[in-house]
Amino acid sequence: MSRVLMVTAEAAPFAKTGGLADVLGALPPALARLGEEVAVVMPRYDIAHIPGAERVWNALPLVVGPHRYTAAIDQVVMGGARYWFVDCPPLYARGQVYGNFADDHLRFGALNIAAIGIARHMFRADIFHGHDWPAGLLPAYLRENLHGDPSFFGTKCVTTIHNLGYQGNFPASVISDLGLSPASFHPEGLEFWGDVSFLKAGIVWSDAITTVSPTYAREIQTPEHGFGLDGLLRARASRVHGILNGADYDEWKPETDAFVARRYSAKNLTGKRAAKMTLLTNFGLPANPDRPLLAVISRFAHQKGLDLIAAIAKDLVEEDAALVILGEGEARFEEMFQEMARDFPDTFAVHVGYNNAMAHQIEAGADMFLMPSRYEPCGLSQIYSLRYGTVPIVRATGGLEDTVDETTGFKFSEYTPTALLDAIRQALTAWKDKKAWRERMRRGMAKDFSWTAAAVEYQKLYRSL
Ligand code: ADP
């Protein structure tokens, strides 16, 4: 049994912008069920939903270089794991989780200092497990031992990369602002092309690096997907592990989904038909149950391959399929989808915004789910789609490659509109054979990407350290 202290910028259901939060909501309880002692440190954002939080520490001093903050620590216990929220309004009361704030290095630098403070006063960790760039400085701070506490010398660090595209790179001047030694600022340390890179620090100084699918673990070691860190990751290859995320089936399953009017199961799919009709109506699309309904739920970001969808818009109109889109993010994609919906209102309907209930209703009501990502570290939406009998059409990359096969979905490799359109056409042809399609749905619904399996892998890794 290990004592594991995780550090993250988000965790569901408290504060979520993407799949990272889902992982931090589910993995700690899954590890706790296996007997590990797990705690999670994250900011207490003003926008976080933390019912029942209890104050467990009143004044934890956070010294970050020349900056002095005082934080209170609030606690919630969920599924046997403790979640500790660092309450420090000057840093975290910004109305949002991320916002490209000028002091982001301090916001997340301080989070790591808080984690070390918690480890000194409240929870003697055997392992610090940081998630993504916001936790990247942990091993840097531990190594520099600014807190002057020799008892951390045996403590191990794990960094999990949920998305290599976000690295937390800041101008070199932040080094002193963060209280780090200039001696760490070199290419074998945390310097990345003249910047300070939080994620690089995590990769360089952690005892193990994990990422969220086996295929992505290989891909990040290539120039195509390495974002400039592939050389370093190749050099550290023996410490890089791919552990596939699980899905939280308590939240995502059609048998019990509270957001779906008529629940359904692999045995009885009638409720799915009802969900489709509701979805079509809610999105103002023609209420035709016999017309295939495709769906996208996505952050609107370059990574997600959304430009491919726009490139085949006219073809989709000709194929007589409908497409509902839910997402928010970069304005160019919001405008792109809104324009498609204006030009072809019977084919495309878009809702710009973040809406969890709607995400559930779309997973339930759609026939097919599109994920043409340029890269996808793991991807959760396609795993949910499988469970809801919503056949995924995905690009064969990262976790999409590892979770969808030709018996449960459709895959394409080349990043081109033609390749996407070919895969969609194959799916639309297959859809016409109702019996075979139902069998395909049921094969997907029977897949089980459980957190227990993932937690067992993390547990093995902790032990190996
Ligand atoms: P990423 O972490 O890159 O955003 P994932 O597929 O791993 O992608 O996770 C996306 C998660 O966020 C899923 O749970 C999905 O339902 C949810 N999601 C994404 N966009 C929205 C939105 N606009 N409204 C509601 N949920 C969303």
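Modeller: An oxygen atom of the ligand lies 3.1 Å from an N or O atom in the side chain of Asp-22. That is a polar contact, meaning a pair of N or O atoms within 3.5 Å. Another entry is Gly-19: one of its polar backbone atoms is 2.7 Å from a ligand oxygen. A ligand nitrogen sits 2.9 Å from a polar backbone atom of Asn-355. The protein covers 93% of the 570 Å² of accessible area that the ligand has on its own (Shrake-Rupley method, 1.4 Å probe).

This is a predicted model: local features need pLDDT of at least 70, side-chain atom pairs count only at pLDDT 80 or more, and totals for chains, interfaces and linings use all residues. Residues are numbered from 1 along each chain as its sequence is written, and side-chain values use heavy atoms, without hydrogens and water.

Now the shell. 22 residues surround the ligand, each with a heavy atom within 4 Å of it. Among the closest are Arg-299, Lys-304 and Gly-353. The shell divides into 8 nonpolar, 9 polar and 5 charged residues; Asp, Glu, Lys and Arg count as charged, Ala, Val, Leu, Ile, Met, Phe, Trp, Tyr, Cys and Pro as nonpolar, and the others, Gly among them, as polar.

Which element gives the largest share? Strand E13, with 3 residues. Helix H1 (19-33) and helix H13 (356-365) are among the elements that supply at least two each. Helices (H or I, at least four residues) and strands (E, at least two) are DSSP runs, numbered from the N terminus.

Where does the ligand lie? Domain 1 (3-246 + 452-464) and domain 2 (270-448) both give residues to the shell, so the ligand lies between them. The domain bounds come from an automatic or database assignment.

Technical notes
A polar contact is a pair of N or O atoms within 3.5 Å; within protein, one must be able to donate a hydrogen and the other to accept it, and residues adjacent in sequence count only if both atoms are side-chain atoms.
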